[in-house]
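Please take a moment with the sequence and the model shown here, and then follow the paragraphs below through the two chains and the place where they meet.

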Amino acid sequence: MPESNSQNETPLIEAVRHGDVGAFQTLFRRYHATLFRHVWYRCRDADVAADIAQETFVRIWQTRRRLISRRPLLPLLVSIAGNLLRDLHKHALIEQRHRDDVIASGVQSDENPDSAAETSLLQDRIAAIAERHMTGTCRLVFILSRVDGRDNGEIAGMLKISRKAVENHLFRALKTLRKCLPPRE
Amino acid sequence: MNRFFRWLEAGRRDLPGVGKPDDVAPGEFDELRRLWELSSQGETPPQPDEDRAWNNVRRALVETQEERSHPVSEFLAKLVRPLIERPILSSACAAAAAVFIFLSLTPVTYRSGELGPLTVTLPDSSSVTLGAHSTLSWRRGLPVAARRVRLQGEAFFDVSHRGNPFIVETSLGAVQVLGTRFDVRCDTALYVAVSRGVVAVTAAAGAADTAVTLRAGDYLMCARKGVIAHPGRSVPHDAPVWMGGAITVAHADLRSVCDELSRQLGTRIVVAPGATDSLHVTGILTGRDVDQALLVLSRLTGTQIRHDAHGYAVY
């Protein structure tokens with residue numbers, strides 16, 4: 001798993017601001033896979049996720065002089081990627097797999113939720129809820145935890161927030177899921 | 001909430017010391033745990049080709065032109081960015097700015113005391129020699145449009161020519177010069193004498209267009225605010241008597257002359273009780289010290305001088 005200690009990235013970001021391609025590559029290697037998985041989870045298209053992740057890093061380089069070295073880089077990457085994803089949605093260049101009808105379609109309470117088909121549908125619904133009903137940081141923390149598989153302490157270090165703040169976001173995400181999904185009986 | 005995650009990490013409901021979370025409703029607990037486990041069981045995302053991705057990004061870096069920025073905004077950004085990134089630096093800059101403003105507003109004051117002449121050099125290289133018991137004030141950080149000083153007592157100015165006016169402000173009037181040598185005294189009256197150059201004297205209550213122009217060898221008295229006597233001519237000397245030069249008196253009473261000498265030389269010189277103070281003096285008083293000046297006075301008036309612990313008495 002790539003290094004996630006955000007305190008080490010401050011000198012790297014400072015070097016990138018001054019045009020250090022080597023430092024930029026180090027940051028790329030550190031965050032590209034995480035960013036790719038994040039974007040993939042939101043659009044479920046590998047080619048789109050790859051293009052957006054690459055374009056995000058290019059945008060970072062283009063505006064490197066405006067980087068603030070003491071701020072974590074990952075939230076900025078996710079923010080830029082989210083904007084690019086929304087631009088694609090507006091132009092309907094990708095198939096919207098997280099429409100409201102996906103969220104609205106329910107799993108019949110008397111059906112076996114352990115079946116593979118129902119589980120897959122439920123996964124799609126969870127992803128749609130995360131895209132539509134979670135705020136930016138909450139969604140980022142949720143995806144880092146449930147999709148990227150990082151523990152709460154690791155996420156806290158990456159985003160320069162407290163462990164308690166991470167748990168707050170995750171708890172809020174679970175509450176959102178429970179609110180949008182019918183309970184199993 | 002924290003206990004919820006502690007419980008999840010513990011893996012059991014009733015682990016000793018880690019009970020059910022208080023902030024989760026009984027019916028909600030199992031549902032949240034189910035969603036927690038379910039949300040991580042989704043479709044595994046594909047592994048990205050990082051080398052290919054980096055090559056694409058690297059190619060784009062070469063092709064991408066750097067964004068243009070206005071040189072002024074870039075300069076300002078370079079100034080402001082360190083303050084944003086380092087709060088301690090911004091606090092230090094704020095403190096330094098406060099000190100600079102304080103120093104700019106705080107006047108610099110020179111006082112000569114009883115010992116007589118005190119020569120100071122101003123930031124514009126002008127030289128000012130203060131007479132006894134005189135005070136000169138000026139402010140740091142003033143705009144270069146005008147150089148201003150405040151005088152109480154007497155001072156001889158040798159003003160450097162800088163192209164902008166040099167203004168001496170007193171309680172009775174103001175003297176404006178460009179570059180010259182002149183003497184200003186202000187106590188009960190304003191006295192200005194010019195050794196070299198040109199000065200303009202304005203009474204305190206007078207308008208700018210009522211200024212009187214003095215040239216080398218001219219002097220004037222301003223007894224009251226707004227009242228300037230006609231300029232008089234004196235024997236041109238390079239400096240007043242208290243700087244080692246000379247002073248010309250014309251039919252001045254003895255008491256006034258003694259008062260003038262007392263002030264300029266920083267020594268008590270009085271007309272002795274019983275002595276005639278109606279005697280008038282006409283002549284040039286020269287000398288660099290009290291004894292020489294009083295010797296001249298004695299010769300001009302036929303008086304005697306007595307020295308005691310308190311000063312000098314003329315009788």
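**Confidence, chains and interface**

Where pLDDT is low, the predicted coordinates should not be read in detail.

This is a predicted model, in which local features need pLDDT of at least 70 and side-chain atom pairs count only at pLDDT 80 or more, while totals for chains, interfaces and linings use all residues. Residues are numbered from 1 along each chain as its sequence is written, chains are lettered from A and ligands numbered from 1 in the order in which they are written, and side-chain values use heavy atoms, with hydrogens and water left out.

The model scores ipTM 0.77 and pTM 0.45. Chain A has an average pLDDT of 81, and 79% of its residues score at least 70. Within chain A, the pLDDT is below 50 over residues 97-101, a stretch with 13 contacts beyond near neighbours in sequence, and also below 50 over residues 106-113, where there are 10 such contacts. For chain B the mean pLDDT is 73, with 63% of the residues reaching 70 or more.

Chain B contains seven helices and 18 strands, these being DSSP runs numbered from the N terminus (H or I and at least four residues for helices, E and at least two for strands). Confidence in chain B is lowest in strand β13 (residues 232-233), at a mean of 62, and highest in strand β6 (residues 166-169), at 88. Of the 315 residues of chain B, 40% count as buried, a word that stands for under 20% relative accessible area, with exposed over 50% and partly exposed in between (1.4 Å probe, protein chains only).

How many residues of each chain take part where chain A and chain B are in contact? On the side of chain A there are 50, and on the side of chain B there are 42. The area buried between the two chains, meaning the accessible area (1.4 Å probe) that two parts lose on being put together, summed over both, is about 4,500 Å², and carbon and sulfur atoms give 59% of that area. In chain A, the residues that lose the most area to chain B are Arg146(A), Phe171(A) and Leu174(A), which together make up 16% of what that side buries.

Two salt bridges are counted between chain A and chain B, each being a side-chain nitrogen of Lys or Arg within 4 Å of a carboxyl oxygen of Asp or Glu. In a salt bridge between the chains, the side chain of Arg29(A) meets that of Glu50(B) at 3.9 Å, N to O. Among the elements giving two or more residues to the side of chain A that touches chain B are α1 (9-17), α2 (21-43) and α9 (163-180) of chain A.

Finally, turn to one position inside chain A. Ser69(A) lies in the loop between α3 and α4 (74-90) of chain A, and it counts as buried because its relative accessibility is 6%. The C-alpha atom of Ser69(A) is separated by 5.2 Å from that of Ile13(A), although the two are 56 residues apart along the chain. Ile13(A) is one of the buried residues of α1(A), which also include Leu12(A) and Val16(A), and just after α1(A), Gly19(A) takes a positive phi of about 90 degrees.

How values were computed
pLDDT is the predictor's confidence in each residue, from 0 to 100. Contact means heavy atoms within 4.5 Å.
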